[in-house]
Amino acid sequence: MLQFIAKRLAMLVATLLVASFAIYGALYLAPGSPIAALTGGRTLPPEVMAQIEARYHLNEPFLTRYWLWLTAAVHGDLGESIPLHESVNTLIAQRIGTTLQLVLFASILIVMFGVSLGIIGALGRGAVDTGVLFASTVSAALPAFAAAVILQFIFGVMLGWFPVLGTGEGFVDTVKHLTLPAIALAATSTALVTRVTRTAVREELDREHVQTAVSRGLPWSDVVRRHVLRNAAIPITTVVGITIASLIALSAVVETAFALNGLGAYLVQAAQNKDFAVVQGISLVLVVAFVITNVVVDIAYALLDPRVSLGSRAQ
Amino acid sequence: MSIEILDPVAEVIDNAPANRRIPKLGFLGWLSVAVIALALFLAIFGPMLAPYDPTLSNLSYSNVGPIAGHPLGFDDQGRDVLSRLMAGARTTIFGAAFVSLIAIFVGTALALLTAWFGGKTDTFISAALDVLFAFPGILLAVVAAAVFGPSLLSAGLALSIAYSPYVARVLRGAALKERAMTYISALEVQGFGAWRLTLRHLLPNISALIVAQGTILFGFAMVDLAAISFLGLGVQSPNADWGVMVSEGKTSLLQGYPLVSLSAVVCIVSVVAAVSFLGDRLESNSRGGNR
């Protein structure tokens, strides 16, 4: 087990190294000189240019520059946004809270509704099951931005129950402001989790050990709780983990739709303004979060299911 | 090795010779085919058939609802919504087709390479793909927009790169299984070359799965491309595109005039739902029939 974890962690470090190289190197793919890219094509006084050159070590070879950037990033310094004259760290710190709250809120919704609806669909046959299937099919086909505008129109404009733009102040107000965005972010994933849960529980119900348990006269609720759900938990945990990881990038869309001041929306804004230091910094943070979540899911999967052959590649 | 759960009844039907050519789709399946056919028709002919110029604005008709000759009314710039929807089908549908074709091509090539050579090639390519998995498609597209400037091309290329490893991973399993079949080694012994075996035997035998993957991918590509255009990093306004229209209509929607955004949403969702339904069908058929 420890060997498996060590191996996954080594792969994590390798992946992050290559990914950080790609993120840093992307700047040099941009048409024009790196300094033009860094300044967004603005003409600045020569002494500022020289300062930027020194700050970004532009007279050093590429690999040295990458190494300096990476070591600074590992030490928690992501550089400086040139158009804003502000440290990328500060810019990220001001916004990461909103993104974390949003992703956390959406994850709670996914686990709560996805798993419970899946179980209800699997256990209750007939009309209940059809209803669950129908609801999950509709919400699976609803992209986050589409869900966002529909929710804004129904619950914001028509009913006026929730605010449609911006982040609130204080706990209750924040929850109120984040409710619609979290639902929009969770819609597709909830449907996916519902489907996987439903299939997993169905499959487990048809297993022989469940029939044995029933024929031995165990109460139905005990059979479901101890025999069915416990075994079905393995695929459910995996899919929940993977979908939550996918929310990290998707949050950019929802944050933009609801004008939330989060990391994703700011990344989009920085991409439009060609503020490269910010694009690199936020991309790095998002990739790290995404990769770490995936590794945690992998390890959790191995811990949950002793049958997973550790060390060998999963098919 | 994954455990295949086969529905015995479906398998019998699937193997019945009379049904081999025409896949069993059912009513919803054929409805999906119809929706996709309509979308393709619009993508090809929509811009020519649009009753009005999709970019011609007339501010005195700003946010005017449906009137005679304009069944979907006007957007905030006073442009005909129906014409914009028809013209916008082109970038939306062809953009997604372009992304899924490239991803399928690259993914299939990688899967065949790994399956054929195995060993070190397999390890190397699989490791490279693991790294690519670290980049969610949308993130890659945003970075591409920052580097190359926002356009449909940069967003499309970024998404194709991000999707390829998913295709490669799914097809690799199927290709490995096919590669291990005795008929392949029998042909190899007879001296048939790697190219011929891969292209004439391996590829056709996993083609059903490739088609299914392509269909599923098309749905994802449409959603992600529309999302990127919605963010302002893909197709650029005033060009018509369904994703762009959703974001253009948002200001009016918040003021209580939702027709522009919602009509574009309806178009996107119905095509995506049709494609993903058909993809699921094709995939379960190909997995059931192609053992």
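Modeller: Happy to, and please keep in mind throughout that this is a predicted model. The second largest cavity is lined by A:Ile23, A:Ala26, A:Leu27, A:Phe276, A:Val279, A:Gln280, B:Val143 and B:Val147. Its volume is about 30 Å³. By class, this lining is made up of 7 nonpolar residues and 1 polar residue, with no charged ones. Three helices each supply at least two residues of the lining: H1 and H12 (276-304) of chain A, and H5 of chain B. H12(A) has the largest share, with 3 residues.

Now for the other cavity. Searching the whole structure turns up 2 cavities of 30 Å³ or more. The largest cavity has a volume of about 40 Å³. Its lining consists of B:Thr91, B:Thr92, B:Leu152, B:Met222, B:Leu225, B:Ala226, B:Ser229, B:Val235 and B:Asp241. H9(B) gives the most, namely 4 residues. Here the classes come to 5 nonpolar, 3 polar and 1 charged, whereas the lining of the second largest cavity has no charged residue.

The elements that give two or more residues to the pocket lining are H1 (2-26) of chain A and, from chain B, H4 (119-132), H5 (137-148) and H6 (152-179). With 6 residues, H1(A) gives the most to this lining. Its residues divide into 18 nonpolar and 2 polar, with no charged ones.

Next, the aromatic rings. Over all chains, the structure holds 4 aromatic pairs. One of them is stacked: A:Phe145 and B:Phe230 sit 5.3 Å apart centre to centre, with 25 degrees between their planes. This pair crosses between chains, running from helix H7 (residues 144-158) of chain A to helix H9 (residues 207-230) of chain B. H9(B) is also the helix that gives the most to the lining of the largest cavity. Both A:Phe145 and B:Phe230 are buried.

A second pair has another geometry. The ring centres of B:Phe41 and B:Phe45 are 5.1 Å apart and their planes stand at 50 degrees, so this pair counts as tilted. Both residues belong to helix H2 (residues 26-49) of chain B, where they are 4 residues apart, about one turn of the helix. B:Phe41 counts as partly exposed because its relative accessibility is 40%. B:Phe45 is partly exposed too, with a relative accessible area of 35%.

Chain A has aromatic features of its own. A:Phe21, A:Tyr24 and A:Tyr66 form one aromatic cluster. There is also a charge over a ring: A:Arg95 lies over the face of A:Tyr266, at 3.8 Å from the ring centre.

One more residue of chain A deserves a stop. A:Thr238 has its place in helix H10 (residues 220-257) of chain A. Its relative accessible area is 19%, and the cut-off for buried is under 20%, so A:Thr238 counts as buried. Leaving out residues up to four places away in sequence, A:Thr238 touches A:Val297 and A:Tyr301.

Chain B has 12 helices and 0 strands. Of its 291 residues, 49% count as buried. Among the contacts in chain B with a separation of 6 or more, 70% are between residues 24 or more positions apart.

Technical notes: Residues numbered from 1 in each chain as written. Chains lettered and ligands numbered in written order. Predicted model: local features only at pLDDT ≥ 70, side-chain atom pairs only at ≥ 80, totals over all residues. Heavy atoms only, no water. Nonpolar A, V, L, I, M, F, W, Y, C, P; charged D, E, K, R; others polar. Phe/Tyr/Trp six-rings, centres within 6.5 Å; stacked < 30°, edge-to-face > 60°. Buried < 20%, exposed > 50% of the residue type's maximum accessible area, 1.4 Å probe, protein only. Lys NZ or Arg CZ within 6 Å of the ring centre and 35° of its normal. Contact = heavy atoms within 4.5 Å. 1 Å grid on protein atoms, 1.4 Å probe; cavity = no way out; pocket = protein on both sides within 12 Å on 5 of 7 lines; lining within 4 Å. Points joined across faces, edges and corners; volume = space filled by probe spheres on them.
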